[in-house]
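Have the model open beside you as you read.

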Amino acid sequence: MRGPDAVATAAAVRSGETDARTVTAEAIARVERLDPALGAVVGTRFAQAHAEVAPGLPDGPLHGVPLLVKDLGTDVAGLPATGGSRLFADGTARHDSDPFGGCCVGLCSRRGGVQEGGGSPPVIARRCVRKVSKWSA
């Protein structure tokens, strides 16, 4: 069963209907329950997520929203950085990356998002932005 989207989750946390600790715990439980069959999560930072939520999160549009960052060149410190390829299987991000000039990972955290882990991309899927032209399909 599918849960609420990011906007509804943030609104529920902001209104007090739920809290970021509960949402974080539920999201982690869902990953632990479903991912063994799916294999969609390549690295987790569950302990860090709980630690970040404990003192309170910044109030922003992502307040309390659990996030998985796809391994597409948007690195999260300590998580696998493989681009989905076995060639880079031992790759681990040493720091959060900044592929778009706004520190995507840090920006989400500063807006109240809770980084819980990294998602698995297709092999060598390094570009997460596509240039659109009249020749694009």
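**Helix and sheet packing**

In H2, Ala-20, Arg-21, Thr-24, Ala-25, Ile-28, Val-31 and Glu-32 meet Phe-46, Ala-49, His-50 and Val-53 of H3, where contact means heavy atoms within 4.5 Å. This is a predicted model, in which local features need pLDDT of at least 70 and side-chain atom pairs count only at pLDDT 80 or more, while totals for chains, interfaces and linings use all residues. Residues are numbered from 1 along each chain as its sequence is written, and side-chain values use heavy atoms, leaving out hydrogens and water.

- By class, the contact of H2 with H3 has seven nonpolar, two polar and two charged residues (Ala, Val, Leu, Ile, Met, Phe, Trp, Tyr, Cys and Pro count as nonpolar, Asp, Glu, Lys and Arg as charged, and the others, Gly among them, as polar).
- The axes of helix H2 (residues 20-38) and H3 come within 9 Å and cross at roughly 170° (axes are lines fitted to C-alpha atoms, for helices over the stretch in contact, and angles run from 0 to 180 degrees between N-to-C directions).
- That crossing makes H2 roughly antiparallel to H3, a label for angles over 145 degrees.

**The sheet**
- Three strands form an open sheet in the order E1-E3-E2, with mixed pairing (two strands pair if DSSP finds at least two bridges between them; helices, H or I with at least four residues, and strands, E with at least two, are DSSP runs numbered from the N terminus).
- Strand E1 (41-44) and strand E2 (66-70) are the edge strands, each pairing on one side only.
- E2 and strand E3 (residues 114-119) run parallel and are joined by five bridges.
- Lys-70 stands opposite Gly-119 in E3.
- Helix H3 (residues 46-53) packs on the sheet, touching E1 and E3, and its direction makes about 160° with that of E3.

Technical notes. Angles under 35 degrees count as roughly parallel, over 145 as roughly antiparallel, 65 to 115 as roughly perpendicular and the rest as oblique.
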